[in-house]
Every structure is written in structure tokens, then in C-alpha cells.
Amino acid sequence: MVRGIGDLLQHGLLLKYVVASLFRVTWGFLLAAAVAIPLGLTIGWYRRAEMAFNPLVQIFRPISPLAWIPIAILWFGVGDLAAIFLIFVGCFFPLMLTAMSAVHNIPAVYVNVGRNFGLSTADFVSRVLYPAVVPQLITGSRITLGIAWLVVVAAEMIAVNSGLGFLIIDARNAGNRYDLVVAGMVIIGTIGLLLDLGMRSLERVKSFRWSYSED
Amino acid sequence: MSTEAVTTFPVRGGKLRMEHVGVVFERDGKTVSVLEDINLDVSDGEFICLVGPSGCGKSTLLNVMGGFLWPTTGSVTIDREVVRGPDPRRILVFQERGVFPWLTVEGNIGFGLSQLSRMEREERIAHYVQMVRLQGFEQTYPSDLSGGMKQRLQVARALAVNPDILYLDEPFGALDSITRLIMRGELLRIWQSERRTIIFVTHDVDEAVQLADRVVVLSARPAKIQDVLTIDIPHPRNISSTRYLEHRDDLLKRIGLAYTA
């Protein structure tokens with residue numbers, strides 16, 4: 001297995017595959033965050049919107065992102081876009097639900113203080129709502145990024161010709177190189193750990209850390 | 001304010017006026033009357049304490065005054081203007097969790113000061129940091145402050161925007177008794193130097209007698225004003241003087257907690 005990793009490094013394939021996988025995860029995750037978080041915050045803030053959207057969310061949520069693979073290939077063909085779309089789908093609902101519950105959990109006191117000091121809507125969002133939900137969003141993002149990393153491997157086994165998922169399936173198909181399969185798994189695990197550590201370090205930023213203390 | 005020099009309580013009426021204020025809540029299809037026919041005149045610079053049995057609607061009344069809640073009947077007027085919502089000229093200080101945990105002491109005090117120039121803001125912050133004795137903690141986050149410090153910080157943030165009325169909702173209720181005594185003294189000192197109108201909700205009889213010009217006693221729910229006591233002892237009040245104790249006994253009697261042996 002160690003030799004397998006060595007082989008891959010020598011051919012420059014490992015780095016290329018890692019970068020390819022990270023690229024897809026990054027874009028899928030960021031696009032999902034850019035859409036799902038503002039949407040979730042808005043829907044969470046307006047009770048009526050939530051009552052309207054919730055059934056829809058609950059129907060889509062239990063569908064595994066992998067079930068979207070055929071549709072992803074149909075829409076985007078075999079390639080990066082299909083994989084990014086799958087990650088987007090996998091991240092969208094967890095992020096949206098995180099944002100919705102984060103809004104619900106804002107203590108009423110903060111909202112009242114914001115109103116008392118006469119903030120405009122824009123100021124209220126940027127100076128009360130946003131800072132109040134950030135800690136929960138970070139925790140939610142940490143979990144979601146783990147999901148993204150799960151999805152990318154599966155997506156790459158089917159929808160593309162590069163990346164760590166492709167490495168694993170390709171190593172098996174092209175001559176049962178199980179050393180490379182295990183090497184791929186070890187690398188996936190290691191990178192998952194690093195991603196998680198990176199997100200965790202955000203939780204330690206002073207102005208975010210407040211909600212993790214017991215008070 | 002000409003009466004200040006003579007006594008501690010100023011002329012009645014003028015600042016805040018409540019007329020026939022009533023609040024009815026609807027809960028599970030049932031209507032619950034919380035406040036009924038509250039009439040009160042508060043004059044500029046006066047220190048009012050609201051006391052009453054717990055759950056009687058003291059906080060509700062404060063929320064109505066602060067504009068957070070519309071009264072079902074009647075109206076609240078301040079300077080002859082009907083209160084239509086929260087307003088930075090009147091700040092409510094909450095019992096707990098009122099300070100923003102994501103801002104430092106400085107950030108919290110400066111929260112309502114974004115309209116000011118940087119220099120003015122810094123001056124104002126420095127002034128109030130000193131007033132509530134938080135020097136040295138400017139860059140500290142609330143999670144590293146004690147309960148008493150957090151409440152002082154909340155008062156400082158409120159005063160920094162120069163409000164004419166300060167509403168305090170059991171601000172020292174979550175503090176230990178020693179800290180509470182210290183905080184009373186601090187609040188009096190601040191009130192005497194800044195002369196804002198203060199409406200202070202408390203369930204602590206001693207707190208009311210020590211602080212207030214007038215103590216408004218609310219009845220059990222639906223709350224009505226049962227009594228208004230004038231405490232005409234000059235500050236600082238000697239809390240073991242006969243006069244103080246008489247007022248205290250009087251108040252306890254009116255709440256129905258007199259010592260009967």
C-alpha cells in the first residue's frame with residue numbers, strides 16, 4: 001500500500017486526483033452554501049414561509065444525493081459539472097436546515113436589543129442576525145463538508161474520469177490493484193480529517209467561540 | 001429639575017404617561033388578561049420601581065412602555081407622543097443575556113453609536129467604560145466577565161446612546177446578594193450623575209425602598225396598580241434607619257407580607 005502511494009506520487013497522479021476531488025468539493029459546497037444559507041435564514045425568519053416550504057424540504061431531504069447521479073449525468077454529461085451538482089445537492093438541504101434552525105435559536109433578547117437600538121434591516125442582518133447564527137452555521141458546515149467529501153468519492157466512481165473516487169474504482173477495474181484501493185481510502189480519510197480540523201479551527205475564533213462555552 | 005435641590009422626588013407628571021393600559025393575551029384559544037387599567041404619570045428624572053407578585057405582568061408592562069408590545073387598550077405617551085415601537089431614546093436593560101457575546105466590552109458599548117464619528121465614538125465608549133468601572137476589560141468578551149460586570153456593561157451600552165428613559169427588567173435578579181447590593185449603589189451613583197428617568201422592575205422589596213422615588217405596587221394577575229408609595233428619604237439612604245424600615249414595613253404590608261407575630 002505504501003508502495004502504491006509511492007507509485008502514485010511518482011506519476012504525479014496523486015496530487016492531480018486530490019486537487020480534482022478538492023476542486024469539486026469546494027465548488028459544490030460553496031455554491032450550496034451561497035444559495036442554501038441565505039434561503040434558510042430567510043425561510044427560518046418568516047414562520048409562514050417555513051410552513052409553506054417545509055413539506056417540500058422534507059420530501060427532498062431523505063433522497064440520497066447518489067440517487068441524483070443519473071439525472072446529473074443527463075443534465076451535465078460526464079464531467080466536473082455533474083460531480084459538482086451532486087455535491088451541491090448533497091450539501092444543500094443540510095445547510096438549509098442548519099440555517100433555519102439557527103434562526104429559530106436566536107435568543108429573543110438579541111432581536112429585541114437590535115430593535116431597541118433602531119437598526120435598519122440591513123444593519124440588523126449584518127450586526128445581530130448574522131453574528132448570532134455564525135457559530136451554528138460553522139458547526140453545520142463542518143458536518144456538511146463531511147457529507148460533501150462522502151459524496152464526491154461516490155460521484156467520481158461514476159460521473160468523471162479523475163479524482164480519488166475514480167482512483168479507487170479504476171484501480172479495481174484495471175487489474176485488481178487492491179493496494180491502490182486501500183491507498184485511496186487512506187488518503188480520503190486523511191483529507192477528511194484535515195478538512196474537519198480546518199473547520200474546527202474556525203470554532204476557536206474568539207468572536208465565534210461564545211456559543212460553545214457553557215453560558 | 002429645580003426641585004432636585006430640595007428633595008429627591010421631582011414634580012409629578014410630564015415625562016411618561018400611561019392611560020387605561022390593558023393587555024390581553026390569547027393562548028390556545030383562551031384569552032388571558034394580564035394588565036388592566038394601568039394609569040401612571042412619571043416625571044422627568046424620576047426613579048420608579050415596579051413591584052408585584054411574580055408572574056403578575058411587571059415585565060409585560062415594561063415591554064408595553066418600551067414599545068415592544070402594543071397594549072390591547074389604552075396608550076402610552078412619552079413627551080406627549082404616543083409610543084409606537086422601540087426607540088433608541090428609551091433603552092430596555094434585560095435580566096440576562098442582554099449583552100452581545102460576539103462583541104467585546106468596547107464593541108457592546110459602541111453598539112448603538114455607529115452614526116458617530118470614530119473619535120466621538122471612542123470618547124463616548126471610554127467615558128462609559130469608566131462610569132461602569134470596566135477599565136482594563138475593554139477588549140474582553142462577555143464570556144470572560146462575571147454576571148455583575150455583564151449587567152454593568154448592559155447599562156453602559158444603554159446609557160451610551162443617551163436615552164432619556166432607562167427601563168430595567170429585574171437587572172440584578174440573577175446576581176448574588178452581595179453583588180446585588182454593590183450594583184444598587186452603582187446604579188444610584190450613575191442615576192445621580194446622569195439624571196435619566198428610570199423605570200425599574202424588581203421583586204426585591206429592599207431594592208425598591210432603597211432606590212425608588214416612588215414604588216408602584218401591582219396586584220396579582222390581571223395586574224392593576226394597587227398602591228403607589230412615595231419614598232421621600234434623600235439618597236444615600238441608610239438602610240437601617242427607622243424611616244427606611246418604616247417604609248419597608250409599609251411596603252411589605254401592602255404586598256401582603258407583613259410580619260405578624
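Two strands pair if DSSP finds at least two bridges between them. Keep that in mind for the first stop, and note that this is a predicted model.

**Stop 1: the hairpin in chain B.** Select residues 16–27 of chain B, strand 1, and residues 30–42, strand 2. They pair in the antiparallel sense, over nine bridges. Two residues lie between the strands, which form a hairpin. Now pick B:Asp28 in the turn: its phi is positive, about 50°. Which residue of strand 2 stands opposite B:Arg17? Select B:Asp41 to see it.

Stop 2: Strand 4 covers residues 73–78 of chain B and pairs with strand 5 of chain B over two bridges, in the antiparallel sense. Here B:Ile78 stands opposite B:Glu81 of strand 5. Colour the side chains if you like: in a regular strand they alternate between the two faces of the sheet.

**Stop 3: all of chain B.** Zoom out. Chain B holds seven helices and 10 strands. Its radius of gyration is 18 Å, close to the 18 Å that the globule rule gives for 261 residues, so chain B is as compact as a globular protein of that length. The C-alpha trace of chain B spans about 55 × 50 × 40 Å along its principal axes. Buried residues are 43% of the 261 in chain B. Of the chain B contacts with a separation of 6 or more, 71% join residues 24 or more positions apart.

**Stop 4: two domains.** Colour chain B by domain: domain 1 is 9–89 + 165–261, and domain 2 is 99–162. Their C-alpha centres lie 26 Å apart. The contact takes 12 residues from domain 1 of chain B and 10 residues from domain 2 of chain B. Which helix gives the most to the domain 1 side? Select helix 5 (residues 177–194) of chain B, which gives six residues. By class, that domain 1 side has nine nonpolar, one polar and two charged residues.

**Stop 5: where the chains meet.** Show both chains. Here 17 residues of chain B are in contact with 15 residues of chain A. The chain B side has 12 nonpolar, three polar and two charged residues.

**Stop 6: the largest nonpolar core.** This core has 127 residues. Those touching the most other members are A:Leu86, A:Ile87, A:Ala99, B:Ile48, B:Cys49, B:Ile199 and B:Val215. Helix 5 (residues 80–104) of chain A gives the most to this core, with 17 residues. Each of domain 1 and domain 2 of chain B supplies at least three residues. Centre on A:Ile87.

**Stop 7: A:Ala132.** Select A:Ala132 in helix 7 (residues 121–158) of chain A. Is A:Ala132 buried or exposed? It counts as buried, with 22 C-beta neighbours inside 10 Å. Not counting residues up to four places away in sequence, A:Ala132 touches A:Ile106 and A:Tyr110. Finish with a distance: A:Ala132 and A:Glu203 are 71 residues apart in sequence and 14 Å apart in space, C-alpha to C-alpha.

Technical notes
Residues are numbered from 1 along each chain as its sequence is written. Chains are lettered from A and ligands numbered from 1 in the order in which they are written. This is a predicted model: local features need pLDDT of at least 70, side-chain atom pairs count only at pLDDT 80 or more; totals for chains, interfaces and linings use all residues. Two residues are in contact if their C-beta atoms, placed from the backbone, lie within 7 Å. Ala, Val, Leu, Ile, Met, Phe, Trp, Tyr, Cys and Pro count as nonpolar, Asp, Glu, Lys and Arg as charged, and the others, Gly among them, as polar. Domain bounds come from an automatic or database domain assignment. Helices (H or I, at least four residues) and strands (E, at least two) are DSSP runs, numbered from the N terminus. A nonpolar core is a set of buried Ala, Val, Leu, Ile, Met, Phe, Trp, Tyr and Cys residues joined through C-beta atoms within 7 Å. A residue is buried if 20 or more other C-beta atoms lie within 10 Å of its own, exposed if 12 or fewer, and partly exposed in between; C-beta atoms are placed from the backbone. The radius of gyration is taken over C-alpha atoms; the globule rule is 2.2 Å times the number of residues to the power 0.38.
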